[in-house]
Amino acid sequence: MLTKTTETAIQILVFLGRYDEKEPVSPREFAERLQSSPTYTAKITGMLVKANILRAVRGAKGGVVLAQEPQNITLLAVVEACQGRILADYCDGIAPIHLTCAYHQAMKEAHDAILNVFAKWTLADLLKKPGPSDEIRSKVNCRMGL
């Protein structure tokens with residue numbers, strides 16, 4: 001459902017929020033921590049800057065910092081910054097939805113549920129528990145607990 005780009009963006013945001021970085025962090029540092037390409041992490045941070053989720057800092061010690069407080073950054077904003085708006089087209093956009101076929105009514109309901117969940121969860125919520133509990137940490141492969 002989420003692309004690798006979106007998941008990596010969430011990892012970057014969790015890292016910035018978790019370690020309360022006040023100094024800019026470069027895409028190269030993210031790449032090292034995520035074992036990813038610096039070009040790829042630069043592309044992702046650029047998307048988040050364009051969406052006003054991150055702020056770019058230029059200079060020798062440049063990089064990115066959070067542009068907003070974690071409680072104001074929703075998963076929906078991150079998903080849409082990386083994947084575009086979550087759109088749906090039900091029976092060629094005929095409204096009202098109750099006149100469409102049952103399949104498109106179900107898809108509209110699923111679409112609305114996804115939007116509601118992504119709009120409800122924030123970076124602050126993710127930072128409350130950035131990794132799995134100690135009792136299962138060694139048994140799961142969680143990429144969020146950098």
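Leaving aside neighbours within four places in sequence, threonine 5 is in contact (heavy atoms within 4.5 Å) with Tyr40, Ile44, Met47 and Cys82. Threonine 5 lies in helix α1, where helices are DSSP runs of H or I with at least four residues, numbered from the N terminus. This is a predicted model, so local features need pLDDT of at least 70 and side-chain atom pairs count only at pLDDT 80 or more, while totals for chains, interfaces and linings use all residues. Residues are numbered from 1 along each chain as its sequence is written, and side-chain values use heavy atoms, with hydrogens and water left out.

- Beyond its neighbours within four places in sequence, threonine 8 is in contact with Leu34, Tyr40 and Ile44.

**How α1 meets α2**
- Helix α1 (residues 4–18) packs with helix α2 (residues 27–34) at an angle of about 105°, and their axes are 11 Å apart; the axes are lines fitted to C-alpha atoms over the stretch in contact, and angles run from 0 to 180 degrees between N-to-C directions.
- The two helices are therefore roughly perpendicular to each other, a label for angles of 65 to 115 degrees.
- On the α1 side the contact is made by Thr8, Gln11, Ile12, Phe15 and Leu16, and on the α2 side by Glu29, Phe30, Arg33 and Leu34.

**The largest nonpolar core**
- This core has 23 residues, of which Leu13, Leu16, Phe30, Leu48 and Val78 touch the most other members; a nonpolar core is a set of buried Ala, Val, Leu, Ile, Met, Phe, Trp, Tyr and Cys residues joined through side-chain atoms within 4.5 Å.
- Two or more residues come from each of α1, α2, α3 (38–50) and α4 (75–83).
- Helix α1 gives the most to this core, with 7 residues.
- Leucine 48, neighbours within four places in sequence aside, is in contact with Ala9, Leu13, Ile53, Leu54, Val78, Ala81 and Cys82.

**Cysteines**
- The structure holds 0 disulfides, a disulfide being a pair of cysteine sulfur atoms within 2.5 Å.
- Cysteine 82 is buried, at a relative accessible area of 12%, whereas cysteine 101 is partly exposed, at 34%.

Notes:
Parallel < 35°, antiparallel > 145°, perpendicular 65-115°, else oblique. Buried < 20%, exposed > 50% of the residue type's maximum accessible area, 1.4 Å probe, protein only.
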